[in-house]
Amino acid sequence: RDGTEIPQVTDDGIWEDLTTGAWCYHNNDPTRGKLYNWFAVAGIHDNDPNSPIKEFAPDGWHVPSDTEWTTLVNYLIANGYNYDGTTTQNQIAKSVASTSGWDSYPVVSAVGNNQSLNNTSGFNGTPSGNRYIYGNFQNYGKKAFFYSSSEGDNSSISRIHHMTNESSSFESGNSYKKNGFSVRFVRDTVDTEPPVITINGATTVS
């Protein structure tokens with residue numbers, strides 16, 4: 001937010017050793033989306049404990065917490081965004097997935113099946129894959145991973161949300177902070193109003 005540079009890191013060995021923020025293109029290909037490690041998301045730009053934490057998101061926005069991601073998922077389920085219109089269980093992946101770019105998969109409920117029916121929520125999640133902790137790239141066209149601002153059970157783990165071309169669900173889990181994933185932002189709200197969560201078209205009042 002303040003203009004502090006987040007470095008682009010292409011070398012696998014350097015990526016593996018990082019404990020500060022960095023980004024890359026998937027497979028170092030500028031035609032593909034950017035992936036960030038969690039240190040960038042958390043605003044950790046150096047190893048000096050006295051340095052200020054930087055704000056990753058633009059002014060007026062923030063990286064959603066794990067709780068905010070869960071609020072979005074629950075809202076979409078309750079409001080009929082499952083692939084079959086039901087309002088129980090988590091089968092919303094098609095509704096948050098982009099309408100192209102996914103590897104094909106021959107199951108009606110899967111993100112990779114009949115992709116023209118995807119993205120009814122407007123979230124438009126693309127299968128940008130990931131960069132693994134050791135620097136290698138994986139899952140382009142198959143998976144979408146999104147960081148939250150929340151840490152996991154220990155200092156090396158963060159909370160994430162993800163979907164695959166073969167699934168109907170939009171799942172949560174834990175992952176190493178050194179992995180490279182996609183990031184989405186949530187618009188801030190004023191304190192006098194109920195918190196409104198908006199992620200690319202999906203809105204709820206908590």
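Q: Which residues is Phe170 in contact with, leaving aside its neighbours within four places in sequence?
A: Keep in mind that this is a predicted model. The general idea is that in soluble globular proteins, nonpolar side chains tend to be buried together. Here, Phe170 is in contact with Trp69, Val73, Asn90, Ile92, Ala93, Val96, Phe146, His161, His162 and Met163.

Q: And which members of the largest nonpolar core touch the most other members?
A: That core has 16 residues, and the ones touching the most other members are Phe146, Met163 and Phe170. The largest share, five residues, is from α3. Apart from this one there's another core of 13 residues, including Val63, Phe145, Ile160 and Val183.

Q: What lies 2.8 Å from a polar atom of the Gln115 side chain?
A: That's the backbone oxygen of Trp102. Beyond residues up to four places away in sequence, Gln115 touches Ser98, Thr99, Ser100, Gly101, Trp102, Asp103 and Ser104.

Q: On to charges: how many salt bridges does a search of the whole structure find?
A: The general idea is that side chains of opposite charge can pair when their charged atoms come close. In this structure the search turns up eight salt bridges. Take Arg1 and Glu55, whose closest N and O atoms are 3.9 Å apart. Arg1 sits in the segment before α1 (12-17) and Glu55 in the loop between α2 (38-41) and β3 (61-62), so the pair links distant parts of the chain, 54 residues apart. Both are partly exposed, Arg1 at 44% and Glu55 at 49%.

Q: Where are the partners Asp2 and Lys54 in the chain?
A: Asp2 is in the segment before α1 and Lys54 is in the loop between α2 and β3, 52 residues apart. Their side chains meet at 2.7 Å, N to O.

Q: How about Asp12 and Arg131: where do they sit?
A: Asp12 is in helix α1 and Arg131 in strand β4, 119 residues apart. This salt bridge has an N to O distance of 3.0 Å. Asp12 is partly exposed at 36%, whereas Arg131 is buried at 0%.

Q: Which residues do salt bridges with shared partners join into one network?
A: Arg1, Glu55 and Asp59.

Conventions. Residues are numbered from 1 along each chain as its sequence is written. This is a predicted model: local features need pLDDT of at least 70, side-chain atom pairs count only at pLDDT 80 or more; totals for chains, interfaces and linings use all residues. Side-chain values use heavy atoms; hydrogens and water are left out. A nonpolar core is a set of buried Ala, Val, Leu, Ile, Met, Phe, Trp, Tyr and Cys residues joined through side-chain atoms within 4.5 Å. Buried means under 20% relative accessible area, exposed over 50%, partly exposed in between (1.4 Å probe, protein chains only). Helices (H or I, at least four residues) and strands (E, at least two) are DSSP runs, numbered from the N terminus. Contact means heavy atoms within 4.5 Å. A polar contact is a pair of N or O atoms within 3.5 Å; within protein, one must be able to donate a hydrogen and the other to accept it, and residues adjacent in sequence count only if both atoms are side-chain atoms. A salt bridge is a side-chain nitrogen of Lys or Arg within 4 Å of a carboxyl oxygen of Asp or Glu.
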